[in-house]
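I opened the notebook to record what I looked up, entry by entry, beginning with a pair of helices and then turning to the ligands and the domains.

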Amino acid sequence: MTATPPLPYPNADAPSQDLIAACVHCGFCLPTCPTYAVLGVEMDSPRGRIRLMKTVWEHRLGADAPGLEDHISKCLDCRACETACPSGVEYGKLVEGARSQIVVARPRSPIERLIRAAAFEWLLPHRRALGTFATLSIAAKRLGMGSLLRATRLGVARRMADLLDLLPAHSTATRSATISARGTRRARVAMLEGCVMGSVFGETNAATARVLARNGVEVIATVDQTCCGALHAHAGERELARDLARRNIAAFEQVTADAVIVNAAGCGAAMKEYGWLLKDDPAWSARASAFAAKVKDATEFLGDLGMSERPGTLHARVTWDDPCHLLHGQKIRDQPRALLSAIPGLEVVPLAEADWCCGSAGTYNVTQPDLARSILERKVANIVRTGADTVVTANPGCLMQIQSGLRQAGHKVRVVHLMDLLDEAYRTG
Ligand code: SF4
Ligand code: SF4
């Protein structure tokens, strides 16, 4: 009797064989892949990575193989390949599945375990701790700590210096609050505070609520909500991502709202996939799918609802950069452009490769600093070519990455969230 070989992947989060089978190896995705453009290596393309995942299923490569981790880690999870794929391959689910298996299969060093625990367990899910960390880091940046860390030439210190470079000049924190609709109420929504948005870009959360209220939308406070878990899922920490998803679902079930509004594209994409994340949990899968159906990006919601109040005039030459997880993750393209065009006085100029990643990609700019820098340089060059004085986007990672790239290249171009720009236009009006 022949013994059945053990499963090649450690657990049920493994990249689905059905999703892998959808790839017909046509290669249409290759010209859209930023890592393939930089490295020119098949195994650093979507098709090559899918092939690697299949090779593990065929027992020809271990889930703990360093080569597998290397190529999977270099993927941005930007999902541009999904948009390009004529066969509908859901690449984001595949790569996050592969990462979850590598995390379990390959033993981590004590320092790696400590860094992951600090980021994913002690900071991101705890707003107060993350806020304190952000405030101290910004203070350290102002005191020139980045240069000191870089001078040590130690790998960990340089990564910390890279992290400081990304931070904005100041942070603001907000808590979820109820804001009444102006005029006739057209909708009632709850809003995700978010970990980074809530503790660093709190003013953008407040601006989002004000813009919605201006347009007849009541925003209601939601207590007990937490980090969405996108960064955890992105880094292969599926169990932690599921815990956070359950907490958010339970929190938002406490309020009656037409939609759950998110102003961070990465968070919105992850929350729209809570049904997939919890599909194997019988107690939560239906609740997760019902919750996911209510999640809307702020630009998507307002764009579809239509503006009831005309913004005031702003004079600037602006360009729009699509966050990957808005365009490729959520397929939202037209609404943010329509909102931008609705602000009188703006000259909106197109950005070449607006649909290309900026290299932020969750924690990519810290874990893959050299590749992230190459990808960012391409974005900065495209922005500079537009002659715009303002870049508009809708994700905290993109805001920090693009601002840092422009600053380091010596360009005084403002980078702003679309909701902040709309709020500014309403206030001038
Ligand atoms: S997600 Fe982005 S980086 Fe990864 S394979 Fe697809 S296009 Fe390339
Ligand atoms: S992922 Fe899609 S576009 Fe890329 S090779 Fe496979 S089938 Fe073709």
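Entry 1, helix 3 and helix 6. Bearing in mind that this is a predicted model, I began with the axes of helix 3 and helix 6 (residues 91-105), which come within 11 Å and cross at roughly 50°. An angle of 65 to 115 degrees would count as roughly perpendicular and one under 35 degrees as roughly parallel, and helix 3 and helix 6 are therefore oblique to each other. I noted the handedness as well, and helix 3 passes helix 6 in a left-handed crossing. I then listed the residues that meet, which are Pro 46, Arg 49, Ile 50 and Met 53 on the helix 3 side and Tyr 91, Leu 94, Val 95 and Ala 98 on the helix 6 side. By class, this contact of helix 3 with helix 6 holds 7 nonpolar residues, no polar ones and 1 charged.

Next I looked up helix 4 (residues 66-73), whose axis comes within 10 Å of that of helix 6 and crosses it at roughly 140°. That angle makes helix 4 oblique to helix 6, since roughly antiparallel is kept for angles over 145 degrees. The crossing of helix 4 and helix 6 is left-handed. From helix 4 the contact takes Leu 68, Glu 69 and Ile 72, and from helix 6 it takes Val 95, Ala 98, Arg 99 and Ile 102. I sorted the residues of this contact into 5 nonpolar, no polar and 2 charged. Going back to the first entry, I see that Val 95 and Ala 98 of helix 6 are also among the residues that meet helix 3.

Which residues are closest to ligand 1? I found 14 residues around ligand 1, and the closest are Cys 33, Pro 46, Cys 75, Cys 78 and Cys 81. The elements that give two or more residues to this shell are helix 2 (34-39), helix 3 (46-57) and helix 5 (80-84). I counted the shell around ligand 1 by class as 9 nonpolar, 2 polar and 3 charged residues.

Leu 376, Lys 379, Val 380 and Ile 383 of helix 22 meet Gln 401, Ile 402, Gly 405 and Leu 406 of helix 23. By class I recorded 5 nonpolar, 2 polar and 1 charged residues in this contact.

Entry 6, domains. The domain assignment gives domain 1 (17-105), domain 2 (110-166), domain 3 (187-303) and domain 4 (311-428). I looked up the pair of domain 2 and domain 4, whose centres, taken over C-alpha atoms, are separated by 25 Å. In this pair, 5 residues of domain 2 are in contact with 6 residues of domain 4. I recorded the side of domain 2 that touches domain 4 as 2 nonpolar, no polar and 3 charged residues.

Note on methods
Residues are numbered from 1 along each chain as its sequence is written. Chains are lettered from A and ligands numbered from 1 in the order in which they are written. This is a predicted model: local features need pLDDT of at least 70, side-chain atom pairs count only at pLDDT 80 or more; totals for chains, interfaces and linings use all residues. A residue is near a molecule or strand if its C-beta atom, placed from the backbone, lies within 6 Å of it. Helices (H or I, at least four residues) and strands (E, at least two) are DSSP runs, numbered from the N terminus. Ala, Val, Leu, Ile, Met, Phe, Trp, Tyr, Cys and Pro count as nonpolar, Asp, Glu, Lys and Arg as charged, and the others, Gly among them, as polar. Axes are lines fitted to C-alpha atoms, for helices over the stretch in contact, and angles run from 0 to 180 degrees between N-to-C directions. A crossing is left-handed if the near helix is turned anticlockwise from the far one by less than a right angle, and right-handed if clockwise. Two residues are in contact if their C-beta atoms, placed from the backbone, lie within 7 Å. Domain bounds come from an automatic or database domain assignment.
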